[in-house]
Amino acid sequence: MSNSLAPKLLAEFIGTFALVFIGAGAASIVGGAAGGGITAVAFAHGLTLMIFICAYGSVSGGHMNPAVTVGVLAAGAITAAEAVGYIVSQIAGGVAAALLLRIVLGGVATGLGTPEFAHGLVLGGTPVTITPAIGFMVEAVLAFFLVTVVLSTAVAGRAAHLAPVAIGLTLVFNILMGGALTGAAFNPARALGPMIVTGNLGDAWLYGLAPIVGAIIAAVVHLGLSVLTHEQPAAAAAPAE
């Protein structure tokens with residue numbers, strides 16, 4: 001992995017740009033409702049992340065998500081200065097992607113893939129409405145799953161070259177479960193990019209904070225398991241090589 005910060009930040013910008021442009025773009029075009037639409041959106045996100053981790057894992061680690069960066073920082077595998085740079089690059093990439101989507105889609109009428117809570121979603125004949133408290137919990141749990149997989153495969157070095165596949169598939173099953181409930185962003189850059197461009201910032205605090213909480217819990221659990229299993233936590237700055 002590169003020792004220079006500049007290529008890492010560029011890799012994070014491009015990777016996050018791709019994730020938001022493809023993922024949010026798919027959500028804008030095919031919709032995120034339960035069924036075929038959510039399946040397409042899930043694979044759009046998962047495959048994009050998997051491919052760009054393969055492309056940039058050796059440069060920056062392929063975080064492409066501020067929550068992942070915070071989790072890796074909390075696990076002691078990246079410096080605070082690098083983490084700040086990563087997060088700024090990721091948010092910038094998300095906003096840039098949303099700006100391009102606005103041009104491509106002719107405005108913001110589609111919502112540009114902005115995540116939102118379900119209201120009156122009918123599941124098994126029962127209408128379901130997601131409250132902010134439930135939405136916070138869902139986003140935090142999904143981020144917990146993602147960061148757990150990142151730390152346990154790529155950072156710990158257990159899955160070798162299969163780490164990008166494991167991480168990408170985690171995005172897929174997270175979105176399949178949570179997409180219709182909260183939009184399943186569990187990534188502040190993925191959520192805030194479209195929110196900033198559309199001006200829809202009502203729940204921005206939740207979509208920014210909840211994944212960070214889940215990531216920190218995942219890092220604490222990861223470190224605890226390392227102690228219990230007498231395993232030395234990896235001090236690599238990357239989720240993927």
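## Packing of α7 against α8

In this predicted model, helices α7 and α8 pack with their axes 9 Å apart and at an angle of about 170°. Angles over 145 degrees count as roughly antiparallel, and the two helices are therefore roughly antiparallel to each other.

From α7, the contact is made by P188, A191, L192 and M195. The residues contributed by α8 are A204, Y207, G208, P211 and I212. By class, the residues of this contact comprise eight nonpolar, one polar and no charged.

## Nonpolar cores

The largest nonpolar core has 39 residues. Within this core, V72, I167 and F186 have the most contacts. The elements that give two or more residues to the core are α1 (5-30), α2, α3, α5 (132-155), α6 and α8 (204-228). The largest share comes from α5, which supplies ten residues.

Another core, of 13 residues, lies apart from the largest one. Its members include I130, A204, L206 and Y207. Two of these residues also belong to the helix contact described above: A204 and Y207 of α8 take part in the packing against α7.

## Helix α4 and its surroundings

Helix α4 spans residues 80-104, 25 residues in length. From its first C-alpha to its last it reaches 36 Å, close to the 36 Å expected at 1.5 Å a residue. Just after α4, G106 takes a positive phi of about 70°.

The buried residues of α4 are E82, A83, G85, Y86, S89, Q90, G93, G94, V95, A97, A98 and L101. An α-helix has 3.6 residues a turn, so residues three or four places apart point the same way. Among the buried positions, E82, Y86, Q90 and G94 are examples. The elements that cover the buried residues of α4 include α1, α3 and α7.

## Positive phi at non-glycine residues

M64 is not a glycine, yet its phi is positive, at about 55°. This residue lies in the loop between α2 (36-56) and α3 (66-74). M64 has a relative accessible area of 0% and is therefore buried.

F186, likewise a residue other than glycine, has a positive phi near 35°. Its position is in the loop between α6 (163-182) and α7 (188-198). With a relative accessibility of 2%, F186 counts as buried, and F186 is also one of the residues with the most contacts inside the largest nonpolar core.

Technical notes
Residues are numbered from 1 along each chain as its sequence is written. This is a predicted model: local features need pLDDT of at least 70, side-chain atom pairs count only at pLDDT 80 or more; totals for chains, interfaces and linings use all residues. Side-chain values use heavy atoms; hydrogens and water are left out. Helices (H or I, at least four residues) and strands (E, at least two) are DSSP runs, numbered from the N terminus. Buried means under 20% relative accessible area, exposed over 50%, partly exposed in between (1.4 Å probe, protein chains only). A nonpolar core is a set of buried Ala, Val, Leu, Ile, Met, Phe, Trp, Tyr and Cys residues joined through side-chain atoms within 4.5 Å. The expected span of a helix is 1.5 Å times one less than its number of residues. Contact means heavy atoms within 4.5 Å. Axes are lines fitted to C-alpha atoms, for helices over the stretch in contact, and angles run from 0 to 180 degrees between N-to-C directions. Angles under 35 degrees count as roughly parallel, over 145 as roughly antiparallel, 65 to 115 as roughly perpendicular and the rest as oblique. Ala, Val, Leu, Ile, Met, Phe, Trp, Tyr, Cys and Pro count as nonpolar, Asp, Glu, Lys and Arg as charged, and the others, Gly among them, as polar.
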